[in-house]
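Here is a friendly walk through one protein model and its ligand. Please keep the viewer open while you read.

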Amino acid sequence: MQVGRWNHQSSDKKSHESSHGGERSYSSRSPQRSGFGGRSGGYMGGGQRPFGRPGAGGNRGRAPARRRGGFGSFGETEAEIAKFMNRTVVTTEEPVFVPEHKFSDFDINPHLKKNIEARKYELPTPIQDKAIPHALLGQDVVGLAETGTGKTAAFLIPLIDKVMKQKGDRILIMAPTRELAVQIEKELAGFAKGLGFRGMVAVGGANIGPQISQLRHNPAFVIGTPGRLKDLMERRALDLSGFGTVVLDEADRMLDMGFIDDMRMILGKMNKERHTLFFSATMSREIEKLIGDFLSSPVVISVKTRDTSKNIDQDVVRIPRGKDKFEVLAELLKDREFSRVLVFGRTKFGVEKLAKALSRLHIHAESIHGNKTHGARIRALEAFKAGKVSVLVATDVAARGLDIPAVSHVINYDLPSTYEDYIHRIGRTGRASLKGRALTFVQERY
Ligand code: AMP
């Protein structure tokens with residue numbers, strides 16, 4: 001873990017190396033047609049995209065900007081396929097992190113401390129240990145940290161304290177997806193219990209009317225996706241003049257989703273003297289530029305997470321030419337070991353269709369993608385988390401940043417667009433030092 005002052009040359013290129021081992025080949029019986037696609041339809045076939053715009057799985061149907069050659073997939077060459085295999089999983093003991101601070105050391109509201117205790121947070125995580133003291137001093141912070149590191153509390157704890165100390169200060173939190181915004185609000189509600197202020201979620205895919213009404217009560221925290229925040233500003237329902245603090249959560253993902261103009265517009269409307277906390281899993285030129293343009297002398301904290309992909313047994317499932325990959329999936333899912341499975345598809349339409357087709361076979365599946373209403377996405381997620389359904393079919397964008405415990409398997413039914421997307425997908429399993437398994441379907445062409 002590193003802490004430093006911002007310098008424009010800094011970069012954080014991660015290497016995601018994996019050792020390559022054998023591969024799993026699906027021993028097919030005679031290729032039967034199940035009515036779900038077959039060779040020509042290939043259901044949502046890797047490399048074949050019969051339905052809709054590729055990758056358009058997120059808010060307002062924006063496609064990720066970072067796509068090789070526009071519409072390509074990662075995993076179309078043998079060299080790329082080799083990166084989906086890692087049969088030599090080493091489960092090494094992680095060195096135990098010893099934080100410099102305890103939550104009780106922080107000069108924060110005593111009631112807030114009690115709420116932290118009530119949430120059973122015993123010790124700060126690395127990002128919390130390093131970021132909270134600086135944020136409490138009102139310094140701008142860049143946190144290079146992924147989901148799962150405790151970054152949400154790293155910004156919520158000092159900001160709740162700020163709202164308590166500076167009555168009337170308001171906080172804007174920008175996040176890439178509805179699910180992440182809802183997750184942040186849930187954490188906020190836990191920490192802020194009994195403190196006498198409120199937060200609200202302002203995201204697309206949900207009716208704007210109630211959000212406009214909520215804004216009339218001047219909530220202390222507004223947590224939203226850039227597109228909807230911009231809409232609300234344009235309708236004059238959201239006036240940023242009272243907001244002295246802004247958090248950009250998963251800034252890299254917001255850029256990927258094409259939110260850059262909205263983000264710049266929103267930040268541009270805020271007071272220049274504001275307090276800015278900025279979180280991103282990765283560093284790129286564009287991220288550096290944003291930081292340079294909108295933060296003032298930030299403290300940079302980089303939390304190196306363990307390379308989760310090493311903890312995950314990764315393999316490919318070769319689908320012989322003529323074999324329907326839906327049948328292969330259905331077969332796999334019958335195995336009891338596949339107890340909580342996240343299946344990735346490429347398009348919203350395909351994901352929806354796949355979940356329905358599985359349900360017809362009595363494999364209880366739900367889906368999350370950008371065409372579902374906000375409420376339906378939350379319900380699907382909760383059903384999966386509670387174990388009411390064992391399979392969740394998702395697009396990349398919808399699944400990003402979600403904190404889902406104990407996913408037994410990630411299945412890449414459709415190839416990811418980039419290797420980075422692959423790493424994000426498989427990172428949903430093997431969390432919290434559990435061993436995870438990831439399978440990638442590769443359709444044989446010859
Ligand atoms: P995040 O990276 O913010 O999404 O947090 C990941 C998970 O870790 C969430 O379920 C948090 O509630 C949990 N968490 C965050 N900080 C702590 C902590 N200090 N102690 C225990 N759990 C934590």
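Which residue forms a salt bridge with Lys151, and how far apart are the closest N and O atoms? The partner is Glu250, with the closest N and O atoms 3.6 Å apart. A salt bridge here is a side-chain nitrogen of Lys or Arg within 4 Å of a carboxyl oxygen of Asp or Glu. This pair links distant parts of the chain, with Lys151 in helix H5 and Glu250 in the loop between strand S7 (243-248) and H9, 99 residues apart. Both Lys151 and Glu250 are buried, where buried means under 20% relative accessible area, exposed over 50%, and partly exposed in between (1.4 Å probe, protein chains only). Helices (H or I, at least four residues) and strands (E, at least two) are DSSP runs, numbered from the N terminus.

A word on the basis of these values: this is a predicted model, in which local features need pLDDT of at least 70 and side-chain atom pairs count only at pLDDT 80 or more, while totals for chains, interfaces and linings use all residues. Residues are numbered from 1 along each chain as its sequence is written, and side-chain values use heavy atoms, with hydrogens and water left out.

**Salt bridges**

Side chains of opposite charge can pair when their charged atoms come close. Across the whole structure, a search finds 23 salt bridges, including the pairs tabulated here.

| Pair | N to O distance |
|---|---|
| Lys151 and Glu250 | 3.6 Å |
| Lys162 and Asp169 | 3.8 Å |
| Lys230 and Glu234 | 3.8 Å |

Glu78, Arg318 and Glu444 are also linked, in a network of salt bridges.

**Around Lys162**

Lys162 is found in helix H5 (residues 151-165). Setting aside neighbours within four places in sequence, Lys162 is in contact (heavy atoms within 4.5 Å) with Asp169, Gly244, Thr245 and His275.

**Helix H8**

In helix H8 (residues 226-234), the buried residues include Pro226, Gly227, Arg228 and Leu229. Their cover includes strand S4 (170-174), strand S5 (199-202) and helix H7 (208-216). Lys230 and Glu234 are four residues apart in H8, so about one helical turn separates them. Lys230 counts as partly exposed, at 24% relative accessibility. After H8 comes Arg236, whose phi is positive, near 60°.

**The ligand site**

Which residues are closest to the ligand? Of the 13 residues that surround the ligand, the closest are Tyr121, Gln128, Gly148, Gly150 and Thr152; a residue is counted if one of its heavy atoms lies within 4 Å. A polar side-chain atom of Tyr121 lies 2.5 Å from an oxygen atom of the ligand. For Thr149, a polar backbone atom is 3.1 Å from a ligand oxygen atom. Taken alone, the ligand exposes 500 Å², and the protein buries 76% of that (Shrake-Rupley method, 1.4 Å probe).

How values were computed
A polar contact is a pair of N or O atoms within 3.5 Å; within protein, one must be able to donate a hydrogen and the other to accept it, and residues adjacent in sequence count only if both atoms are side-chain atoms.
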